[in-house]
Amino acid sequence: MRIPRPWLAVLAVYAASRVVSTLLLGAVFLLATAKGWTFASYRAHPTFFTFSGSWDASAYKTIAEHGYPTSLPLDASGNVLPNPWAFLPVFPGIVRAVTGVTGLGFYPAGVAVATVSGFGAALMLYRLLILRVPSRRALFAVVLFTVGPMGFLLQTAYAESAFLFFLFAALWCLLSRRYLLLIPFAVVAAFTRPGVLALALTLGVHLVVRIVAARRGREALPAGQAIGIVAAGAVTAAAGLVWPLIATAVTHRPDAYLDTELSWWTGFVGRRHFAPLTPWFVMASTYLSWGGVVLVLAVVAAGAVWLTRPSSRALGHEIVGFTGSYWLYLVAVFLPQQSLVRLMMPVAPLLGSSVFSETRARRIASVSTAVGLQAVAVVLLWFVGYP
């Protein structure tokens, strides 16, 4: 049975989830303020909005107010230091437009943009999932997505919720075979947060699957659709690769973007040269020696097993293909640390799996665990550390 007025149902779920996240964030903020504890966004007169603009939000604020530097900051040895080039321009650009229209400061405007974008992401997640699963299961996936461990990020001044909206819209276009419509969503996503190269690979997988299906006589592949898939994949890949070129052109420094990204690795593994598919092994072996290498291989194997489960395959090759492509992207380029939890948010379509909602007891356990983990994440990742 389909849910009547699904957008209202998603809005109700999202509004309830914002109450949960606001209570969790607010409780930590009020306690820290009352006790005089310092925290990431501490100001002489801290507010809930500045608290909601901790960590990476300060980089977005710098971009919104001053743009990107034309020269990179260096240490005494000439190594690049962390700087705004690691962050993409769409989110701070939108926030700057909102501040210009409303007169709000960056932090209230950033929270507003993130919160509205979070609803858009939740709605698009529902819309793409109902193309593969019953509507009630799709809505339950939205519940888990919005109250899950990183649900509070949907209303903090990060680019996450905006990126997820554009990404889920692009995935909806893929599932509904609106390939040319996918392109603008993918391009904007590419300038919101890194990760759309996984979508380009997914389009390649999708094309192969459709060619095989056509040859076996299961469905036709009209030439126009084949061209649309290729065009969408090519444009998405180009958009995902162009930001490093822009950083180099503006700063006149080769590898400006790569050196900027590597500057964040120093505190974990020291100065390193980048080689694809090695960061996880570098991180694991640095702290756990050969045991870390075994652990990484076990994690990769567990991911492969999860994607081959019947409950996962039932979501369709597009969702499974994107999840596998995105996980491959993370293993290829990302140094795993506490931000990994945040970077797992794009695979939220997996929450449509029946494994989370098969029985009433399982649904209750899933929601309870999700909310409990969000409380832990607010304390450990937002107050003590950074996501």
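This is a predicted model: local features need pLDDT of at least 70, side-chain atom pairs count only at pLDDT 80 or more; totals for chains, interfaces and linings use all residues.
Residues are numbered from 1 along each chain as its sequence is written, and side-chain values use heavy atoms, with hydrogens and water left out.

**Figure 1. Buried residues of helix H3.** Helix H3 spans residues 57–66; helices (H or I, at least four residues) and strands (E, at least two) are DSSP runs, numbered from the N terminus. Ala 57, Ala 59, Tyr 60, Ile 63 and Ala 64 of this helix are buried, where buried means under 20% relative accessible area, exposed over 50% and partly exposed in between (1.4 Å probe, protein chains only). These residues lie on the same side of H3, because they cover an arc of only 155° around the axis; the arc is that of the directions from the helix axis to the C-beta atoms. An α-helix has 3.6 residues a turn, so residues three or four places apart point the same way. The buried residues of H3 pack against helix H4 (90–102) and helix H5 (106–129), contact being defined by heavy atoms within 4.5 Å. After H3 comes Gly 67, with a positive phi near 75°.

Figure 2. A salt bridge is a side-chain nitrogen of Lys or Arg within 4 Å of a carboxyl oxygen of Asp or Glu. Side chains of opposite charge can pair when their charged atoms come close. Asp 56 pairs with Arg 342, and the closest N and O atoms are 3.9 Å apart. Asp 56 and Arg 342 are both buried. Glu 160 forms a salt bridge with Arg 193, with 2.9 Å between the closest N and O atoms. This pair links distant parts of the chain, Glu 160 being in helix H7 (residues 160–175) and Arg 193 in the loop between helix H8 (179–190) and helix H9 (197–215), 33 residues apart. Glu 160 is buried at a relative accessible area of 2%, and Arg 193 is buried at 6%.

**Figure 3. The salt bridge between Arg 132 and Glu 318.** The whole structure holds 10 salt bridges. In the pair shown here, the closest N and O atoms of Arg 132 and Glu 318 are 3.0 Å apart. Arg 132 lies in the loop between H5 and helix H6 (135–147) and Glu 318 in helix H15 (residues 317–333), so the pair ties together parts that are 186 residues apart in sequence. Arg 132 is partly exposed, with a relative accessible area of 30%, whereas Glu 318 is buried, at 2%.

**Figure 4. The largest pocket.** Its volume is about 1,300 Å³. On a 1 Å grid over the protein atoms alone, a pocket is an open set of points where a 1.4 Å probe fits, with protein on both sides within 12 Å along at least five of seven lines; lining residues have an atom within 4 Å of a point. Grid points are joined across faces, edges and corners, and a volume is the space filled by probe spheres set on the points. Of the 50 lining residues, Ala 86, Pro 194, Tyr 257, Glu 261 and Tyr 329 are the closest to the centre of the largest pocket. H10 gives the most to this lining, with seven residues. By class, the lining has 36 nonpolar, eight polar and six charged residues; Ala, Val, Leu, Ile, Met, Phe, Trp, Tyr, Cys and Pro count as nonpolar, Asp, Glu, Lys and Arg as charged, and the others, Gly among them, as polar.

**Figure 5. The second largest pocket.** This pocket holds about 600 Å³ of space. Its lining consists of 20 residues, and Pro 149, Met 344, Val 347, Ala 348 and Leu 351 lie nearest its centre. H17 gives the most to the lining, with four residues. The lining comprises 16 nonpolar, four polar and no charged residues.
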